[in-house]
Amino acid sequence: MIKAAVFDVGECLVDETREYGTWADWLEVPRHTFVAQFGAVIAEGRDYRETFQVFRPGFDLYEEREKRAAAGDPETFGEDDLYPDVRPALARLRADGLWLAIAGNQTVRAGRILRDLFTADVDLIGTSDDWGASKPDLAFFERVAEVVPADPGEILYVGDRLDNDVLPAARAGMRTALIRRGPWGWIQQHDPAAERATFRIDSLLELPELIAKANAAGS
């Protein structure tokens, strides 16, 4: 039985198109150039942060976040950046009796924004900065398992990435849903490892029916 669903943030709940555009602006690089390099880095299986090094060698993402905040241009997102299926999917899953959480690699600032947006919609919000552990480290998913009131095999972790979401969550004993959207979702979709996801979806609105069918089959 799947009793709980835990959601990644970027490109699962939040469309990061605008935010990556602001990073291109900060680097004074044309947005289409930044996006092209970003996709190339992902396709090569490298850490996305290497994209910044191409345009500014020695770039420190943490320091630059602080500089942006000090300049009055902090990283941010809001209601308009949520994918349109997010709120109806969460409402349906909660109505179906699932325990819901949001857990991803996010800063303290992003965690505050998430709590402003979703406290009424989910049972728990946790971030890598809160827990001192980041995906894809097993410690992150062990922390998820600690805070969710269900066994690992009863938890569905939903994300857009194989490397950061699906594969490490599966190693932690969880079931997984891979959503095809955002750079990783599209670039990694043909990787044979995608077959290891419990579910492969194009919309969060597919989850209620898939979970219901899986639970009915399991019972």
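The largest pocket is lined by 45 residues, and those nearest its centre are Tyr48, Arg65, Asn105, Gln106 and Thr107. Two or more lining residues each come from α1 (17-27), α4 (61-70), α6 (108-118), α7 (128-131) and α9 (162-171). Of these helices, α4 gives the largest share, 5 residues.

This is a predicted model: local features need pLDDT of at least 70 and side-chain atom pairs count only at pLDDT 80 or more, while totals for chains, interfaces and linings use all residues. Residues are numbered from 1 along each chain as its sequence is written, and side-chain values use heavy atoms, with hydrogens and water left out.

A pocket here is an open set of points on a 1 Å grid over the protein atoms alone, where a 1.4 Å probe fits and protein lies on both sides within 12 Å along at least five of seven lines; lining residues have an atom within 4 Å of a point. A volume is the space filled by probe spheres set on the points, which are joined across faces, edges and corners. Helices are DSSP runs (H or I, at least four residues), numbered from the N terminus.

The second largest pocket has 13 lining residues, with Glu16, Thr17, Tyr20, Val35 and Pro183 closest to its centre. Two or more residues each come from α1, α2 (31-43) and α10 (182-187), and α2 gives the largest share, 4 residues.

In the table, Ala, Val, Leu, Ile, Met, Phe, Trp, Tyr, Cys and Pro count as nonpolar, Asp, Glu, Lys and Arg as charged, and the others, Gly among them, as polar.

| Pocket | Volume | Lining by class |
|---|---|---|
| Largest pocket | About 1,200 Å³ | 16 nonpolar, 9 polar, 20 charged residues |
| Second largest pocket | About 190 Å³ | 6 nonpolar, 4 polar, 3 charged residues |
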